[in-house]
Amino acid sequence: PPPPRMVAAGVIPPRQMWIATWAAVVVAGIAAIGLTAIAGPVVMVIGVASVLAMLGYVGGPVPYGYRGLGEVFVFVFFGLVATVGARFVHDGTAPRSAWLVAIPVGFVVTAILVANNLRDIPTDEAAGKRTLAVILGDKRTRMLYAALVEGAFTLVPVLAIARWIPLGALVAIAGAWPVMRPLRAVMGGATGPELIGVLKGTARAHLFLGLLIGIGSAIWH
């Protein structure tokens, strides 16, 4: 089936969603060609794997997003692959520090999906969609969200002080403020439309985390 939610609600026609999806894939493919010229064929391999992962999330014979594996794939592709891949394109290396930085980045982006699936537990459960949130249940999904965001902003200073990542990455702690309100909302029992704000706040935290790690690391190695 086409990507859910907006399509299921009838806001966007399935055909229009598929056109937008493949347009995004085409744009990404064009970018991949240019990046392949810079960093080599590994970029194209990453691109193909990413597209397959996208299509397999809710499509194919066994959509993994409905088998409790969505968060795992988001962590891998939006955390590890995106972060380490960006470093590889930059200078052709994939050092330990890049892999370590990718962990908190992956934690926060995964928390976005956790919050989304927390909101959709009632409808997903009724439709027979076994997301991780449905499997864990409401309470444990909220605990997972808290563990991811708190773990991310705890891990960064630990890694920086240990000098496993650039010390300048410490400034990323300031990026925790956008997620404080969403965290309180999730642990306070927010449901339904209330979780839209959680999604926005977590996305902002993800943006600030990446920006601050990058800026801090560039200034102070």
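**View 1. Helices α4 and α9 of the predicted model, whose axes come within 9 Å and cross at roughly 170°.** Angles over 145 degrees count as roughly antiparallel, and α4 and α9 are therefore roughly antiparallel to each other. On the α4 side, the contact is made by V101, P104, V105, V108, V109, A111, I112, A115, N116, L118 and R119. On the α9 side, it is made by L195, I196, V198, L199, T202, A203, A205, H206, L209 and I213. Sorted by residue class, the contact of α4 with α9 has 17 nonpolar residues, three polar and one charged.

**View 2. The largest nonpolar core, made of 34 residues.** Y145, F153, I165, L209 and I213 are the residues with the most contacts inside this core. At least two of its residues come from each of the helices α4 (96–119), α7 (138–161), α8 (177–187) and α9 (194–219). The greatest contribution is that of α7, which gives nine residues. In soluble globular proteins, nonpolar side chains tend to be buried together.

**View 3. Surroundings of I165, one of the residues with the most contacts inside the largest nonpolar core.** With residues up to four places away in sequence not counted, I165 touches S97, L100 and V101, and also V156, L159 and A160.

**View 4. Aromatic residues, with five aromatic pairs in the structure.** F75 and F107 form a tilted pair, with 5.8 Å from centre to centre and 35° between the planes. F75 belongs to helix α3 (residues 70–91) and F107 to helix α4, so this pair ties together parts that are 32 residues apart in sequence. F107 has a relative accessible area of 24% and is partly exposed. A cluster linked by ring pairs holds Y57, Y64, F73 and F77.

**View 5. L183 in helix α8.** The relative accessible area of L183 is 11%. Because buried means under 20% relative accessible area, L183 counts as buried. Apart from neighbours within four places in sequence, L183 is in contact with Y145, A146, V149 and E150. From L183 to I219, the C-alpha to C-alpha distance is 30 Å, at a separation of 36 residues in sequence.

**View 6. R163 in the loop between α7 and α8.** The phi of R163 is positive, at about 65°, although R163 is not a glycine. With a relative accessible area of 47%, R163 is partly exposed.

**View 7. T141 in helix α7.** T141 is buried, at 2% relative accessibility. Its contacts, leaving aside neighbours within four places in sequence, are V114, L118, I121, A133 and L136. L118 is also one of the α4 residues that make the contact with α9. T141 and H90 are 51 residues apart in sequence, and their C-alpha atoms are 36 Å apart in space.

**View 8. M44 in helix α2 (residues 42–58).** M44 is partly exposed, and its relative accessible area is 34%. Beyond the neighbours within four places in sequence, M44 is in contact with A32, I33 and T36. Between the C-alpha atoms of M44 and I33 the separation is 7.3 Å, and the two residues are eleven places apart along the chain.

Notes. Residues are numbered from 1 along each chain as its sequence is written. This is a predicted model: local features need pLDDT of at least 70, side-chain atom pairs count only at pLDDT 80 or more; totals for chains, interfaces and linings use all residues. Side-chain values use heavy atoms; hydrogens and water are left out. A nonpolar core is a set of buried Ala, Val, Leu, Ile, Met, Phe, Trp, Tyr and Cys residues joined through side-chain atoms within 4.5 Å. Buried means under 20% relative accessible area, exposed over 50%, partly exposed in between (1.4 Å probe, protein chains only). Helices (H or I, at least four residues) and strands (E, at least two) are DSSP runs, numbered from the N terminus. Contact means heavy atoms within 4.5 Å. Rings of Phe, Tyr and Trp (its six-membered ring) pair if their centres lie within 6.5 Å; planes under 30 degrees apart count as stacked, over 60 as edge-to-face and the rest as tilted. Axes are lines fitted to C-alpha atoms, for helices over the stretch in contact, and angles run from 0 to 180 degrees between N-to-C directions. Angles under 35 degrees count as roughly parallel, over 145 as roughly antiparallel, 65 to 115 as roughly perpendicular and the rest as oblique. Ala, Val, Leu, Ile, Met, Phe, Trp, Tyr, Cys and Pro count as nonpolar, Asp, Glu, Lys and Arg as charged, and the others, Gly among them, as polar.
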